[in-house]
Amino acid sequence: MKKRQTGKKLTTTTNRLQGRDVESLKESFVYHMEYSLAKDEFSATRHDLFKCLALLARDRLAERWIETQQAYYREDAKRVYYLSLEFLMGRALGNSLINTGLYDDTGRALTDLGYNMEELREEEWDAGLGNGGLGRLAACFMDSMATLQLPAYGYGIRYEYGIFFQQIIQGYQAETPDNWLRYGNPWEFPRPEYLYPVHFYGTTNQYYDEKGRFRSDWIDTEVIMAMAYDTPVPGYRNNTVNTLRLWAAKSTREFNLEYFNHGDYHMAVSEKDRSEIISKVLYPNDSQFAGKELRLKQEYFFVSATLQDIIRRYRKAHDTFERFPDRVVIQLNDTHPAIAIPELMRLLVDREGLDWEEAWDITVRTFGYTNHTVLPEALEKWPVSLLERVLPRHIQIIYEINQRFLDEVRKAHPGDSARLGRMSVIEEGPERQARMANLAIIGSHSVNGVAALHTEIIKTDIFRDFYEMWPEKFNNKTNGITQRRWLRLCNPGLSALITSRIGDGWITDLDQLKKLAPLADDPAFQEEWRTVKRENKKRLAAYIWTLNKVRVNIDSLFDCHVKRMHEYKRQTLNLLHVITLYNRIISGRADAIVPRTVIFGGKAAPAYFFAKLAIKLINAVADTVNNDPRVGEALRVVFIRNYCVSNAEKIIPAADLSEQISTAGMEASGTGNMKFALNGALTIGTMDGANVEIREEVGDDNIFIFGLTADQVTRKRYEGYDPGRFYKENPELRQAIDMIRDGYFSPDQPDLFRPIVDALLSRADQYMRLADYGSYVSCQELVNRAFLDQKVWARMSILNVAGMGKFSTDRTIREYADEIWGVKPVNPYRETL
């Protein structure tokens with residue numbers, strides 16, 4: 001009797017937790033309020049209500065998640081492990097409800113209960129575990145891998161504090177901690193059973209064993225434990241739920257009772273605090289030696305734990321490592337996880353007892369490396385002295401890898417010492433450095449760039465020597481974005497309009513957007529298109545008023561430049577144009593004025609002086625322009641603080657113009673350009689990164705291209721760049737720069753922005769902002785003329801969206817899976833559906 005009652009109760013609870021109809025969703029919500037949070041409608045806070053909603057969604061992932069993992073074991077599937085130091089996931093609730101097909105019914109259930117879905121979604125804190133595009137790409141990849149039903153795992157660090165929260169105080173950026181876990185994280189599952197030791201420091205003991213084999217023991221180490229936290233990542237309406245596993249550092253000694261008993265309370269917990277700092281903050285400013293050491297320890301920490309976990313999982317079905325590369329592929333997201341190559345060698349040689357040659361063959365066949373930058377300063381290097389102290393066994397392995405590799409180079413190029421110097425992992429100099437990009441190339445079977453232009457640059461310039469040696473290793477995988485988040489979720493109005501005309505197949509096959517092209521000249525469709533954009537602009541205008549107390553004209557051109565603050569992204573070039581527009585307006589020289597709202601946003605690295613000063617300059621210009629009665633509604637300038645995924649989801653659907661104006665040859669790909677274009681914004685940009693391929697897809701007539709090409713930039717650097725010539729020859733440019741220099745925007749401190757002026761006028765300005773100014777301003781005049789004819793603009797906008805099919809991460813991931821990874825989809829419910 002009891003068993004039957006228990007079974008009945010379990011079935012009822014299961015139905016409540018798994019049901020997909022409105023009534024079941026309401027029951028589930030109320031159930032969690034009472035039994036998970038011990039609250040009722042009177043005591044529950046708004047954040048409590050969000051948690052109930054998150055738990056409701058999570059319940060409907062759990063069974064599918066378990067079944068997905070079991071299916072991978074049943075099939076003995078080859079799995080891809082995506083290693084990234086950053087995962088900029090943003091908010092999970094909306095995406096989870098979209099991918100499980102529950103978004104609309106959940107909204108109806110909440111309405112019946114007296115709550116508003118969008119208000120509760122605003123309660124979720126962004127999971128800001130990344131600095132920008134690198135981490136956001138990793139998040140899009142996770143979504144696409146699950147949607148394509150690929151056996152995949154993401155691995156990274158569970159930072160207690162993500163990228164800093166940006167405040168603007170008197171125009172300056174101020175960084176405050178991003179305590180995203182303050183109220184807990186309803187999406188994660190702690191896995192204390194997956195706890196691995198990670199070693200640092202110590203010494204090595206090398207010897208020959210009784211069989212005459214060379215052996216090395218890493219001894220006298222400091223040990224930190226890595227504990228797993230798992231987050232489910234659902235595919236789009238396909239029952240697949242993959243895993244994002246993040247590691248948190250745990251001390252081997254929680255509490256030293258001896259110190260406590262002697263009254264030294266600080267020392268009693270100091271070991272725990274010192275150990276756990278590794279996963280405390282998204283990697284720190286590395287301008288100081290201590291920062292470099294902590295960042296290195298972060299990279300090795302998550303790599304070591306991940307490889308131990310991968311081997312544990314592989315060992316469940318395999319006794320030897322013979323089939324390891326046939327069942328495991330590891331993709332390195334940039335150079336940050338490159339220490340995984342010597343770590344896998346250590347595990348295979350030192351712990352598993354494999355011969356060097358066999359271990360090296362397995363390692364190279366297992367790893368793939370994605371390069372994300374052409375900037376020399378961003379190609380990661382570690383001081384050899386630091387590696388010798390923190391990871392003494394790994395530097396020995398790196399030396400051995402390098403020696404064997406250089407022997408190959410000598411055979412192929414005898415007497416070419418210069419080539420040896422360029423290709424060596426160890427860079428000689430006053431301080432010897434380990435070049436992690438070189439190590440990643442040598443230790444991987446595939447090296448890919450992330451846009452066609454970027455890949456050509458790494459083949460012909462950055463890594464030319466390696467390409468000449470191993471051309472078969474190099475390939476291109478143009479980045480993308482997931483349309484589930486960056487159109488279906490963030491722009492419901494446009495999504496509904498598109499679906500009403502071409503169906504919803506585009507949600508999993510973005511190429512279907514081509515069906516919009518014949519509608520581009522349809523006046524009725526153009527009007528509906530403009531109506532959706534205007535509603536999005538209304539919402540953003542309300543947000544700007546709430547945040548900045550600036551009223552903007554929703555009929556103005558929304559000109560958006562939101563991305564990480566960096567000199568190569570050239571926010572200052574945009575600002576020079578803003579000042580030029582301002583001068584034309586107040587002097588009565590502006591013909592056929594197109595009202596414009598220029599929206600900036602982005603975070604500067606805490607130690608990046610010029611980027612932080614640029615933020616101050618933007619806000620100073622905004623204060624001047626927005627408070628000058630001569631300007632009226634013709635121009636507004638806004639800096640939206642704390643740019644993050646959830647802010648991007650507000651800004652991008654409202655944008656008319658997308659600023660993608662980096663110095664040609666410096667942006668590897670860019671994905672912001674894709675997000676804006678997918679939402680109907682037109683692009684003004686240089687022939688850089690993925691702009692080149694966007695132009696190919698949308699057509700020359702539907703994009704605004706200006707400026708020097710990558711080849712012209714290189715030639716100008718070689719011949720000698722003279723910004724003074726542009727300053728002298730262009731009176732509008734000269735006026736704008738003089739205003740900045742003479743304190744027009746900083747009357748209380750006239751020389752405040754002198755460093756920016758000096759950088760712009762320096763022959764050493766590698767970003768060539770003044771060289772592109774004239775072309776940029778002329779191109780902006782073409783933008784104005786196009787925007788004046790709203791029918792022409794709507795047609796161009798529709799054709800932009802219609803041409804974006806290539807830029808889905810679904811396409812990118814298929815290419816990785818087919819051409820690099822060799823992994824196949826697994827349907828977890830194949831036997832029962």
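R121 is buried, at 12% relative accessible area (buried means under 20%, exposed over 50%, partly exposed in between, with a 1.4 Å probe and protein chains only). The model is predicted, so local features need pLDDT of at least 70 and side-chain atom pairs count only at pLDDT 80 or more, while totals for chains, interfaces and linings use all residues. Residues are numbered from 1 along each chain as its sequence is written, and side-chain values use heavy atoms, with hydrogens and water left out.

R121 belongs to helix 6 (residues 117-121). Helices (H or I, at least four residues) and strands (E, at least two) are DSSP runs numbered from the N terminus. The side chains of R121 and E118 are joined by a polar contact of 3.0 Å (a pair of N or O atoms within 3.5 Å; within protein, one must be able to donate a hydrogen and the other to accept it, and residues adjacent in sequence count only if both atoms are side-chain atoms). Beyond its neighbours within four places in sequence, R121 is in contact with R91, L93, G94, Y103, L489 and E649, contact being heavy atoms within 4.5 Å.

The structure has 0 disulfides, a disulfide being a pair of cysteine sulfur atoms within 2.5 Å. The sulfur of C140 lies 11 Å from the closest cysteine sulfur, that of C490, which is too far for a bond. C140 is buried, with 2% relative accessible area. For C644 the closest cysteine sulfur is also in C490, at 13 Å, again too far for a bond.

Most residues other than glycine have a negative phi.

Of its 35 lining residues, G90, A92, E124, A127 and W187 are the closest to its centre. A pocket is an open set of points on a 1 Å grid over the protein atoms alone, where a 1.4 Å probe fits, with protein on both sides within 12 Å along at least five of seven lines; lining residues have an atom within 4 Å of a point. By class, the lining has 18 nonpolar, 9 polar and 8 charged residues (Ala, Val, Leu, Ile, Met, Phe, Trp, Tyr, Cys and Pro are nonpolar, Asp, Glu, Lys and Arg charged, and the others, Gly among them, polar).
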